[in-house]
Structure formats: structure tokens, C-alpha cells
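Visitor: I've got the viewer open. Can you walk me through it?

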Amino acid sequence: HNMKLSTGSLLRTYLYAITVSHTYFNPHVLSMNISPSTSSRGGSTSRTVPPKPKVLPNKLLVAYTTNKCESLEDMHKVTRAVEEGVNVLVWSFVSFKVTTATCATSNTVISKLELKASQNLTKLKEYKRILDEMGYNDVVHIVAFGGWNGPHLPPGYSGKELYQAFNDFNTQNESGCDDAEFIWDGIDWDLEGHDNLDNPTNEFTIECLDQMGEMSALAKENGLLVSMAPPESYLDTTRPQFSRSVKLTYPEPWHQDFTYHGANVYAYVLAQWGDSIDFIFMQFYESYSHAAYQVNELGILPSTFLINYVADLVKKGERYLVKFEDDVSINLENQYVNLPLNKLVLGFANGWADGEKAIFFRPNEMEVAYEELSKTNHTPRGMGYWVIEEEGRNSVFLTKGLNKILKIRPLVGNGDKLVE
């Protein structure tokens with residue numbers, strides 16, 4: 001590969017390799033021979049027709065999937081979820097990987113930036129075409145970065161450099177075809193903490209947060225959708241405290257031994273790049289959440305909790321105060337952060353939740369809340385859940401229940417009883 005020296009002693013060659021988990025590996029490499037400082041694209045393929053951006057539906061039924069698309073015969077749970085109402089599929093996960101090597105001829109350190117996806121991308125593109133042919137071309141396909149125990153963004157790269165790498169990875173076209181195609185219609189920020197309290201990802205760096213924001217802005221400018229999926233404590237509308245640490249405890253006198261909560265770390269991104277975020281999937285199923293405490297300890301009805309959550313947000317003007325000055329290193333003033341209902345997606349767990357550590361809301365409880373909120377036109381943008389692969393566990397079929405509420409697709413079966 002041709003290589004260009006960047007400013008300083010480090011030589012970076014950007015190799016955007018499709019590297020996929022487990023059994024699938026596509027050995028071909030798309031290389032962009034550019035220096036980190038340039039905004040021009042050195043192309044390995046010609047693209048005469050840019051990809052067409054996908055429009056986000058008015059109502060959202062969001063579902064995460066860990067399916068790796070190894071075989072089209074194993075996509076039945078994902079297909080069924082789409083048939084029963086899901087119109088936003090979030091594919092988990094994609095990540096950056098940086099490796100270094102020393103060039104034998106020049107004795108220069110070469111840094112290689114790769115993107116790794118969990119899916120077989122060839123099969124994924126084929127599966128998307130199948131869904132389109134089935135009449136489900138309204139489905140939005142988003143890919144998530146992060147996950148619990150997952151990596152954060154690599155240090156030493158600007159948000160612009162990371163976005164350019166992702167964009168080239170995401171717009172691979174078929175050999176001999178001039179029309180570019182987005183593999184995914186957008187990105188989802190799902191960066192979280194780690195089981196090991198000493199792991200560095202239990203504190204978000206300022207650089208990582210800035211990378212998230214800068215990538216979001218560039219993605220939005222280039223026609224992609226952007227979402228985030230903060231655990232409840234990472235965007236906590238009930239309290240103004242701010243910290244980049246996500247190994248904290250909650251103030252409630254309940255499970256103080258659980259030291260994996262955050263304090264509004266995702267608000268940093270919303271405060272500065274909120275216009276670039278299309279929707280926010282709020283994880284009420286975070287372990288020992290406020291939701292779990294109020295329902296399990298205080299005896300508040302699940303439907304009442306949801307009504308109160310939204311009503312309190314409306315009362316505050318669909319925004320809330322965050323004391324960013326708690327962390328003087330970020331140089332951000334205390335301010336109100338917008339959390340508009342037209343971007344809010346209520347995030348739930350399906351049959352894997354135990355109801356105690358991870359709260360479980362039944363669809364009939366969600367329906368009571370949604371109908372009550374509808375009376376004042378204060379409904380959220382949508383609802384969703386983690387994860388499709390757990391549909392049917394403990395006889396819970398959350399897609400049907402949510403579709404009955406949101407009416408995305410014609411009703412199939414009986415969503416009330418959570419059975420087929």
C-alpha cells in the first residue's frame with residue numbers, strides 16, 4: 001500500500017478491513033491512502049451515485065439483535081420481529097481496533113485502524129434485500145458501538161478520522177457497480193462500563209466523549225441516523241450530578257453494593273451535539289435502576305412509574321439540569337440538557353429479565369401508561385427492547401405487545417397474553 005507521512009514521526013496507514021467475529025472472515029481490504037489531516041478521500045472504488053439516506057419512521061419500535069448473519073436460514077427470529085412490528089433493527093456490535101507494527105525498511109511505526117463487525121456483511125446485505133422484497137423497506141438498520149464490557153473508541157484519533165474510517169467501511173459497493181450502498185443507515189452509541197472495576201472503560205475519557213459527538217455530527221451531515229442507548233443512570237433525569245465515572249452507587253438505600261452506575265455521562269454529548277441525535281433509547285432495565293427501586297421497593301405500579309417519568313420530563317420542559325461543573329476538567333458550564341419526547345424511546349427488557357435486578361415491564365402495563373399519556377399528547381417517539389434472540393423466553397413475546405400499543409404493523413396473535 002502507498003503510505004503518506006502525517007505530521008510528526010507517526011506514519012498512519014488506514015486499512016479498513018472487514019474483520020468479523022468467529023467463523024467468518026473476509027480477507028479483502030479496502031485501503032484509503034490518506035493522511036490524518038486531509039479531508040479528501042483517496043478512493044479504491046469509484047462512486048458515481050451516493051447512497052440514499054433512510055428516513056426514520058414517525059413511530060419507532062426498536063429492537064437490538066446479536067444475530068451474526070452467518071446463515072440466512074438462521075434469521076427467522078429477526079424476520080419474525082420485523083413482521084410483528086419492529087421497524088428499527090440495531091445490529092450489535094461494531095468496533096475499532098488499532099494495531100501497530102514497525103516498517104522494516106524505514107523503521108517507522110505504522111498504525112493500522114480496522115473496523116470489526118460481528119456480522120457477515122455479505123449475508124447482511126443480502127438479508128436486507130430480502131426484507132425489502134418482502135415489503136419491509138421501512139426498516140431502518142443501525143449498528144451499535146460498545147456494549148457492556150465492550151471497547152470504547154480508540155485514543156489518538158479525531159472524531160473526523162474515525163468517522164471517515166467508518167464511512168468508507170459502511171459504503172462498500174459491489175464489484176463493478178457504480179451505485180454505493182450503505183450497509184447500515186446509522187450508528188448507535190451503546191458504550192458502557194465493564195465488570196472489572198479497574199478496567200479503564202469504567203471512566204469515559206473526554207477524548208472519547210468528543211469523538212462520539214464529532215462522529216455524530218459528521219454522520220448526521222452525511223445522511224446517516226444517529227441514536228444513543230444510555231443506561232438509566234448515564235442520562236438520569238432525576239438528579240443533576242455529573243461524572244465521567246460509571247462505577248458509582250445510586251442514592252437510594254437499596255443495593256448500595258452495586259457500584260456500576262453512572263451520573264449523566266451521556267449528557268455531555270447531548271449538551272453539545274444534541275441536534276445530531278435522532279433518538280435516545282433509555283435503558284430502564286439497567287441493573288438496580290430507579291425504575292426497579294420504585295416498583296420493587298416502593299410498590300409503585302409499573303404503569304404509574306412510566307407515566308410519572310414522562311410527566312416529570314414534560315413538567316421540566318423536556319429538559320433537565322446537569323451540573324457539568326462537578327467535573328472541572330471538561331470545561332463545560334452547568335446547563336439544561338434537552339430530552340424531547342420526539343426523540344425518547346422507552347427501552348425495556350424481554351423474557352431474560354429477572355424482575356429484580358433488571359426490571360421487567362409487561363406490555364399491558366406499558367399499554368396503560370401509553371394510553372394515559374396519549375390523552376395529553378405526551379407520548380414518546382417509541383418503545384423498544386433488548387434483545388430479539390431472547391424473544392419467547394419465559395413465554396414473553398415483547399414485539400407483539402409493543403406493536404399492539406404502537407400499531408406499527410397489523411396485529412398478529414394476542415399481544416396481551418404475551419403468547420403466540
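Visitor: How do strand 4 and strand 5 pair?
Guide: Strand 4 (residues 88-102) and strand 5 (residues 109-117) run antiparallel, with 9 bridges between them. Strands here are DSSP runs of E with at least two residues, numbered from the N terminus, as are helices (H or I, at least four residues). Two strands pair if DSSP finds at least two bridges between them. This is a predicted model, where local features need pLDDT of at least 70, side-chain atom pairs count only at pLDDT 80 or more, and totals for chains, interfaces and linings use all residues. Residues are numbered from 1 along each chain as its sequence is written, and side-chain values use heavy atoms, leaving out hydrogens and water.

Visitor: Which residue is the bridge partner of Val98 in strand 5?
Guide: That's Leu113.

Visitor: And how many residues sit between the two strands of that hairpin?
Guide: There are 6 residues between strand 4 and strand 5. Asn107 is in that turn, with a positive phi of about 55°.

Visitor: Is Asn107 buried or exposed?
Guide: Asn107 counts as exposed because its relative accessibility is 63%. The cut-offs are under 20% relative accessible area for buried, over 50% for exposed and partly exposed in between, using a 1.4 Å probe and protein chains only.

Visitor: Where is Asn331, and what's its phi?
Guide: Asn331 is in the loop between strand 12 (319-322) and strand 13 (335-338). Its phi is near 55°, a positive value in a residue other than glycine. At 73% relative accessibility, Asn331 counts as exposed.

Visitor: What's the mean pLDDT of the protein?
Guide: The mean is 87, and 84% of the residues reach 70 or more. pLDDT is the predictor's confidence in each residue, from 0 to 100.

Visitor: Where is confidence lowest, and where is it highest?
Guide: Lowest in strand 2 (residues 25-32), at a mean of 28, and highest in strand 3 (residues 60-65), at 99.

Visitor: Over which residues does pLDDT stay under 50?
Guide: Residues 1-48 stay under 50, and the model has 114 contacts for them beyond four places in sequence. Residues 414-420 stay under 50 too, with 18 such contacts. Contact means heavy atoms within 4.5 Å.
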